[in-house]
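Hi there,

Here is the structure I promised to pass on to you.

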Amino acid sequence: MDPRRSTHLRTCNLCEAMCGIAIEVEGGRIRSIRGDIDDAFSRGHICPKAVALQDIHEDPDRLKRPLRRRGSDWEEIGWGQAFGESAERLAAIQKAHGRQAVAVYQGNPTVHNHGSVLFGQLLLRSLGTRNLYSATSVDQLPQMLASLLMFGHQLLLPVPDIDRTRFLLILGANPLASNGSLMTAPGVERRLRELRERGGRIVVVDPRRTETAAMADRHVPIRPGTDALFLLALLQTLFAEDRVRPGRLANFSDGLAEVARLVGSFAPEAVADATAVPAEMIRTLAREFAEAPSAVAYGRVGVSTQEFGGLASWLVNVLNAVTGNLDRVGGAMFTRPAIDLVAFATRLGQRGHFDKGRSRVRALPEFGGEYPIATLAEEIETPGRDQVRALVTSAGNPVLSTPNGGRLEKALAQLEFMVSIDIYLNETTRHAHLILPPTAALEHDHYDLVFHVLAVRNTAKYSPPLCVPADDARHDWQILLELARRLDVAKGRNTLGRRLMSAALGAMGPRGLLDLLLRTGPYGKGLRPFGRGLSLRSLEHAPHGIDLGPLAPCLPDRLGTPSKRMDLAPGPFVQDMGRLRDGLGGAESDGRLRLIGRRDLRSNNSWMHNSERLVKGRDRCTLLMHPGDAARHGLRDGQTVNVRSRAGSVAVALQVTADVMPGVVCLPHGWGHGRDGTRLRVARAHAGASLNDLTDELRVDALCGTAAFSGTPVEVSPA
Ligand SMILES: Nc1nc2c(c(=O)[nH]1)N[C@H]1C(S)=C(S)[C@@H](COP(=O)(O)OP(=O)(O)OC[C@H]3O[C@@H](n4cnc5c(=O)[nH]c(N)nc54)[C@H](O)[C@@H]3O)O[C@H]1N2
Ligand SMILES: Nc1nc2c(c(=O)[nH]1)N[C@H]1C(S)=C(S)[C@@H](COP(=O)(O)OP(=O)(O)OC[C@H]3O[C@@H](n4cnc5c(=O)[nH]c(N)nc54)[C@H](O)[C@@H]3O)O[C@H]1N2
Ligand code: SF4
Ligand SMILES: [Mo]
């Protein structure tokens, strides 16, 4: 770091919003972190988490050197030894038990780190296992599935054009807390306010009156897990009232008649009881949506992580398409980023795939080469051929982040070997035999390979490192590359070709690859030394980022389906409709409370509770319950309650509020830091309880295996 006073410009990598920040540095110390008002995209917006970049950077608990477990204790070892032992143990287990005996779990920060995105594949290739898992199957998998089956590419994800739309229908998302997801929109609150100021309307469909619902024109409470029914009834209304107008989309889509047939039996009256949304409300919404000059439906985590998350994610797209609001200004649009991952993957022949294989124990379908994380514990526990005996985790904390973390952690304790690439000794990595700690964000450069693909506007920005890391520090990409290389050696597969490839990639590093991808991207200058267009250098000369313009219609050109047409009624969704019909009405009848999750602006999944600035103040890991339910159960505000599900139980403080609908209780995820053996001093003092000690690994969307978090049945009693 520069010893004098200087300002370092970069992009915050903590959530999907890509806020530009200005870090004031003096005497080698961070003085302040503010929003960069000149940032081409975020125009000065930041949230309270941005300052935690400093807290993580300076955190005395953050690991700096590889750790090896010795009984219940840990010892620091050198990198050479750590790489050597990791590779030898993994290779030996694969040699003895076959390639599938090693599993890999990649967590969410992977996609916020271009080095991990670019080099992670190398490790997977060297391991050659089909036992791959990631946070995708507790998150956006159903939305990627809908894109794959409808548009022909799993990454061609529609983004709501919130800066220009006149009607925004939000289902199962709370952008005021999450700052937007599959919708990179820094300053989303301002953008939503502007939407209303230009005469547009916002409707939020959510079991809880969230921060976003509170600022919307209308909040529609819905019973957890019933969004697919609600969407079918909206569509039924549109067809019944002759309001279907796909416009130009009709020229290149198939399946409209099939959709009309499928929605026919879902009149609003037929779903009102199950969804708890009055039939007249559904009709009104359908009309408002159809009549708005432009409109867009947008569904996120609350909609994708439920029993019918696949169907609901598909129906969100269908609603946009049949009203002509897909690929249209003010509707759901597609980006054209400077590094176009969709085009790049297509060139490599990788559009994605689904159900090309099934998991061993529960026969859940693969998606994009991964099995659902909800099945990992049983893959470890169940003896037989291809049993998982070793695990690599990278940037993930599945013990707190995936369903029935309690069962998973018992399974982790049985593994013959586990190695974790992580900056903390936490609830998951404490089960590892070796922890390989990479540098933290400010010690390396940054480019949002993934979130530019999901942004409400096309921009590009590259951030250099704030400081030079210590000599014995390793970046994520270096760890992934070296582990892959050592595995090749240990498995006797270090052919000349692989050695050359590994050496070339190591020499280029993420910087060289970024330059190549920018140059060969849609705005690139090509491989010539001169000429106009983007390269890494041109981005380095624009530290506030470059604006590449608003999203523009691009279909049918970008469709990746073999027919080059959009499929409104893909076979797997059509078939899954039978399961939905069978489940109709079952959800609400047993009288049990239904559990949902929530996010908080000052928290980020499970790993940012070691920042004193973020966790101070009142306890935020509370169970929300409607006053009527509290009275019925004889519970009062502030008392400690036991929450019990099939999977487990936790004790938390009760918060009685009319913000959650009757019959529903709500607990945030990512807490539960009271487990022994971690090295997270601050988080431990603000431990909370883990929502995923209650969620059930057996509750998945049977179509695609994504965890069905929403609506987990629970019982609540005084502690
Ligand atoms: N019940 C319920 N569960 C949920 C959700 C929910 O809404 N409800 N949300 C789900 C969603 S959307 C997601 S994405 C998942 C997240 O699931 P995970 O990705 O498994 O969990 P995180 O809490 O993000 O943990 C990130 C891990 O990465 C480490 N880390 C941070 N930065 C870096 C880095 O630069 N390099 C490396 N190598 N490691 C790093 C952290 O120390 C931490 O161990 O949780 C899911 N779980
Ligand atoms: N501050 C903060 N920001 C984050 C994160 C974080 O942990 N904290 N995590 C990041 C990650 S990894 C992601 S994926 C995004 C997620 O971004 P969002 O999808 O916006 O996440 P949530 O805030 O969990 O919003 C989900 C909403 O769904 C509602 N819901 C639950 N069940 C149902 C249901 O059955 N139907 C309907 N209609 N609604 C339901 C919940 O009440 C909740 O309000 O946020 C990202 N940003
Ligand atoms: S909104 Fe997200 S990207 Fe912006 S400052 Fe907060 S955590 Fe960082
Ligand atoms: Mo996520």
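Helix H8 (residues 227–240) packs against helix H9 (residues 256–263) at an angle of about 110 degrees, with their axes 9 Å apart. Angles from 65 to 115 degrees count as roughly perpendicular, so H8 and H9 are roughly perpendicular to each other. Axes here are lines fitted to C-alpha atoms over the stretch in contact, and angles run from 0 to 180 degrees between N-to-C directions. Helices (H or I, at least four residues) and strands (E, at least two) are DSSP runs, numbered from the N terminus.

This is a predicted model, where local features need pLDDT of at least 70, side-chain atom pairs count only at pLDDT 80 or more, and totals for chains, interfaces and linings use all residues. Residues are numbered from 1 along each chain as its sequence is written, chains are lettered from A and ligands numbered from 1 in the order in which they are written, and side-chain values use heavy atoms, leaving out hydrogens and water.

Which residues meet between H8 and H9? Leu 232, Leu 235, Gln 236 and Phe 239 in H8 meet Leu 256, Val 259, Ala 260 and Val 263 in H9, where contact means heavy atoms within 4.5 Å.

Now for the backbone. Most residues other than glycine have a negative phi, and most peptide bonds are trans. Arg 43, in the loop between strand S3 (29–35) and helix H1 (52–58), has a positive phi of about 50 degrees although it is not a glycine. The peptide bond from Leu 555 to Pro 556 is cis, with omega near 5 degrees; Pro 556 lies in the loop between strands S23 (546–550) and S24 (566–567).

Happy exploring!

How values were computed:
Angles under 35 degrees count as roughly parallel, over 145 as roughly antiparallel, 65 to 115 as roughly perpendicular and the rest as oblique.
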